[in-house]
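Please look over the chains and the DNA before reading on.

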There are 2 protein chains.
Amino acid sequence: MPRARTSNPTRSDVILGQIRVDILNGRLAPGSRLGFADLGERYAVSAGVLREVLTRLVEQGLAESEAQFGFRVVDVSIERLIQLTDARVAIETLVTRQAIAAGDIAWEADVVAKHHALARIGDSMFSEGITEEWLTAHEAFHASILSGCKNAYLIEIALRLRSISEVYRCWSRPEHTRTHRDVASEHREIMAAAIGRDADRAVELTEAHIRLTTELLISGRTAELSSP
Amino acid sequence: MPRARTSNPTRSDVILGQIRVDILNGRLAPGSRLGFADLGERYAVSAGVLREVLTRLVEQGLAESEAQFGFRVVDVSIERLIQLTDARVAIETLVTRQAIAAGDIAWEADVVAKHHALARIGDSMFSEGITEEWLTAHEAFHASILSGCKNAYLIEIALRLRSISEVYRCWSRPEHTRTHRDVASEHREIMAAAIGRDADRAVELTEAHIRLTTELLISGRTAELSSP
DNA sequence: AAACGACAAATCTTCGAAATAATCTTGACA
DNA sequence: TGTCAAGATTATTTCGAAGATTTGTCGTTT
């Protein structure tokens, strides 16, 4: 739910974005406490705006709070990850189906454009792991597919779940998520199915895409736990 | 998304609840501005806590905000209501199906109990319109059915959408939503289908229940507009 | 030795004023 | 007469300190 008027973003908006990125990248570890003193020094803001930012983070599902006890980064667990994955599969397949049914030519063009940008960034990124730039393009590509759906509520829900799942990205070692799969061709096939109006195939590919990420995340995590 | 520790609710929590109820009941009209001066006097709080409360309202989908322009109650329109209804049908049928598949005996007992309470309140409420008490029981009944689903994310989404749709309740004249339907038997049938583990029928009834409410809302609204 | 109660430290929560930005009014100019 | 610009007004946003609550620790009691 971004603010409508982008001309003059509030200080809160800026800080919210910074903390958000830091949570999603793991610089603020899952489950760790978000004390006002620490954060106030880290981002150079007062307790007042911090309180607002943390509150928004809670409503977005990226933080938790207890009254009179402060805030902490949303905690992670395999149980939650599995539930989150199921929810994402259910919602995103639903939205994808509606997008393919309702998307017009402008939608197709947008999907193709976003995929192209993602593919080019992926090419020039051979072995250097996942960059900030790639993450943005990746998000934009999937968002473009969902945007074909005419229901703003469902799209918002799908994006929200996707955002929460980003917290788990910093969970496993990078090599696990990169080496054993061909993400590029997965994206190419999803795009082809979408603009080819093959809803069943697109849904099938999307589900596989989401579930594979989760499985690699879990296996990477367990491997890390058993052999630190 | 209630706070975990209920022992000492924060002042923000209290005010949030009050404003929330006032929005859902239409005492704060849809689309109306939420100025800090007015609200500060109305609820006897400072601008600081108001700011936090309004922020949470935005994230919950009950208010909107523009930077440097303040907050307003979420605006309503037939277009939005239709989208919201579609989203609710999609999500709630999904959750209902999972609840019927996964719910245990304790879940069944809870559904029966909540339905009983709702039915008794409905009986003792012949023609006096909808009371606050009935609304609470109504919400609890539907929530109990959804609670059978093991996926916390999906349940939260369903409840969130249900909360947003409450804003539309104050849209039409009371008589339209009461006279031309038998809500009690709709609920009874939904309960029977749920604990009878008849997923298809429960989904069918739930969808009809949601869509009928929307249709009566829209027809009541258009009638009101054409003959004020 | 364990349990209970009170004190102290730290933290979150609230407030009211100052700083900042946007809108509205007023006046002048083309 | 219509348009534009600048000042005045109103409202939002931010800040730092005071108030309230919880947690941890220490001493006493059973």
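Residues are numbered from 1 along each chain as its sequence is written, and chains are lettered from A and ligands numbered from 1 in the order in which they are written. In this predicted model local features need pLDDT of at least 70, side-chain atom pairs count only at pLDDT 80 or more, and totals for chains, interfaces and linings use all residues, while side-chain values use heavy atoms, without hydrogens and water.

Reader: In what order do the three strands of the open sheet in chain B stand?

Author: Strands are DSSP runs (E, at least two residues), numbered from the N terminus, and two of them pair if DSSP finds at least two bridges between them. The pairing in this sheet is antiparallel, and the order is S1-S3-S2.

Reader: Why is one side of S1 and of S2 in chain B left without a neighbour in the sheet?

Author: Strand S1 (33-34) and strand S2 (63-66) of chain B each have a single partner strand.

Reader: Which residue is the bridge partner of Ser65(B) in S3(B)?

Author: S2(B) pairs with S3(B), residues 70-73, in the antiparallel sense over four bridges. In S3(B), the partner of Ser65(B) is Phe71(B).

Reader: How far is a polar side-chain atom of Arg51(B) from a phosphate oxygen of DNA strand D?

Author: A polar contact is a pair of N or O atoms within 3.5 Å. Ser46(A) has a polar side-chain atom 3.3 Å from a phosphate oxygen of DNA strand D. For Arg51(B), the distance is 2.5 Å.

Key:
A polar contact is a pair of N or O atoms within 3.5 Å; within protein, one must be able to donate a hydrogen and the other to accept it, and residues adjacent in sequence count only if both atoms are side-chain atoms.
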